Amino acid sequence: MAEADLYTIVKVARNEDLTEQIGRDRYFDLVDHNKVRSFRIKRWTPFNLFKEEVAKEFGIPVQFQRFWLWAKRKNNTYRPHWHVTPQLEARPVGCLRALEANDAELNLFLEVERSGQGLLKIPPTVCSDDILLFFKLYDPLKEELSYVGRLYVKASGMPVEILAKINRLAGFAPDEDIQLFEEIKFEPSVMCEPVDKMVTFRGSQLEDGDIVCFQKSPQVESSGQCGHPDVPSFLKYVHHHQIKPEHHRKYWCRICSQPTPTARGQGTDSGGSTLQTHSANISDGKVRFLAYWVSSEVSLLLERIHSTYNDTFTKFSMKGQKLPTVILESFASFVESMFTTKVNEVQEDVLKQASLSIEDFEQVGLELSWLKKRLEEAKKANKHAESLVYVDLCETALKVGRAKVRELEEGLVKAKAELEDCLPNSLAVNDYLLHDGCSRRGPYGTDWKDMYFDLVDQNKVRSFRIERRMPFNLFKVGDLRGATNKVNVAELNLFLEVELGQRSSAMLGDCMSRPVEILSKINGLAGFAPDEDIEFFEVNRLKDGDIICFQKSSQAECFGQCGHPDAPSFLDYVNCHQIKPEHHRKRRRLISSEPEPTERSRSTISGGSTTQTHSTNAPAGKIRFLAYWDSSEASLLLERVLNIHKDTFTKFSIFGQNVQTLLLESFASFIEFMSTTKVNEVQEDVLRQATLAIKDFEHVGLELWWLKKRLEEAKKANKRAESLIYVDLCETALKVGRAKVRELEEGLVKAKAELEDWSTDLPNSLAVNDYLLRDVV
């Protein structure tokens, strides 16, 4: 068990402690418990046994003792509140400690009654109508406050009934006219109000432990000679100036020791050699300070300065009667403002004004090096405090930054672990979903337009690697490189023209020729009869390198049998569907190799057992796919599906021709949609709709395991892409966080260096919340 739980510190205040401290160590309240006799008692010791210890220490028998417990009131005063009854005395000391506001110790007031014959026995209890009051006496002429005793009064009684007893405590005549004041509180401001002599104590709200201050009623002719004629003004003055009683006594001792000046006497400044002539008729309210007359408040403050710094007024050299008074009182007012200024208020503007004032006072002979030193110390203390705050802010920000970096590092580890779980596959998020299967796009998302459009794929021709400075006709190769290829200046693309005979790209005519003039030459290129009727496309505003498409003129009777009767419609079709030429050629071979079905013939579906009866006459706009009739676009797409996934249509089990066509074209439309959907578009809604569509098509016998597999791969690819993005974000945030931490660490080093600089020669006793001249004046 801790020692604090085994023992109790008991502090006992007596009447003698109040007499010694009030007016000497303190003005307010009753006693400082740190300066009274204390006892270290085991907490389970009965209070009656403790009273025997007190009897041995003070020589007061137990039967003459009565103890009071102290209590801290709501107004922050600390007064005796209730007496210890016989029932409480039977309990242990530790139990009484719990009744105190400060549970660490027990504070008591020992009440003892004395008379001329000795000690008087005190009743064990106090009457419920009795009130214990403490009395202080104030002397306005000496400005002294002292403790004179205590009295029990009746709550129903009036002060006028006990005036004689109060006068007896002070040694006054029984009929002396006195004024009564109640000391109510002193924090944060003094409250001391008059007590009406004709109102009962209960009516004045007086209770046990209250303090009554009294004084002689001031005379009209002497009130002007007192700086503080009554108790409230004196208590407010000492509270505002934080004056200690010993300083006040020293001031009055010096005043009482000064000789009274005559009408033509000369007083010598005790701090220097300057002589000053004073008039015997000094205005009211002025008292003597050295060889000058100032107000009592100013005299008190200047006396304190002079007693601490003897050379302050040594060189004061002002003559005359009024001017020194004005200057000294102005100086006292300045010191007063400095005295009520806290260290943290000494900023640049205050420091500048104070420095100017000090220079002015030094010009009339005041020595104020001590005040300039304190201002410099205050400046250092403020800078030191600011540096401390800044260092604390830097450390806090650094702590937060490091915690954020740790959090990001942990998040990066988790993100990389999730990324490892998402194994890469051949799909990229920007690829089309069916890019390497049934898609109409290339494996890298590129169009196959070069197979129908333009002239040649430059990546599939012969290439040479030569020096840029190699001559080429009148130029160098490097000079031609940027002129021929604006996109990739690292390459030079050339076309080699060679005469190969009839099927060449030789000049067919000059710029003034018309197409009709070269029809035979164009027919010769195609192997047509010279007089074959042909149609041209792209013939306006031709120039070098342009391309002309031509075809035989379409016959009206065969126009309806062609899906794309002219070059523009065919190029639009392959561009829209992005069809590779080899696929188109394979499709045409399949169509041309199939036998013409008879009206009653039956054909078997390739790869399955389902048979289907077809009409000899194909439906309008439909072509054959296996044993079914579909549109040319759907047939081409279904051919590609069949070539890659042989078992897709093996179990297709629909017999009606119209339903077959409808389902297969619907399936082709679905595949078309999937082929134009990118991997990063396969989100939850698309995946859900695609899954439902696949189930529907599987119900009619289509085998689509490969499509479900591709959807699952797309889902994983998206997940991996998201993980990659998250990893990248984490790494970027981690990089920024680490840079911020490094910046904060550098800032903290600089802040600590500044703190160390401002800590040099810093007074340990000066804090930013202290008053500027604490411990100086």
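Predicted model: local features only at pLDDT ≥ 70, side-chain atom pairs only at ≥ 80, totals over all residues.

Guide: Residues are numbered from 1 along each chain as its sequence is written, and side-chain values use heavy atoms, with hydrogens and water left out. The pair consists of helix 10 (residues 322-339) and helix 11 (residues 348-363), whose axes lie 12 Å apart and pack at an angle of about 155°. Helices here are DSSP runs of H or I with at least four residues, numbered from the N terminus, and axes are lines fitted to C-alpha atoms over the stretch in contact, with angles from 0 to 180 degrees between N-to-C directions. Helix 10 and helix 11 are therefore roughly antiparallel to each other, a term used for angles over 145 degrees. The crossing of helix 10 past helix 11 is left-handed, meaning that the near helix is turned anticlockwise from the far one by less than a right angle. On the side of helix 10, the contact (heavy atoms within 4.5 Å) is made by I327, S330, F331, F334 and M338, and helix 11 contributes A354, S357, I358 and F361. By class, the contact of helix 10 with helix 11 has seven nonpolar, two polar and no charged residues, where Ala, Val, Leu, Ile, Met, Phe, Trp, Tyr, Cys and Pro count as nonpolar, Asp, Glu, Lys and Arg as charged, and the others, Gly among them, as polar. For another pair, helix 19 (residues 684-699) and helix 20 (residues 705-758) have axes that come within 11 Å and cross at roughly 170°, and these two helices are therefore roughly antiparallel to each other.

Conventions: Parallel < 35°, antiparallel > 145°, perpendicular 65-115°, else oblique.
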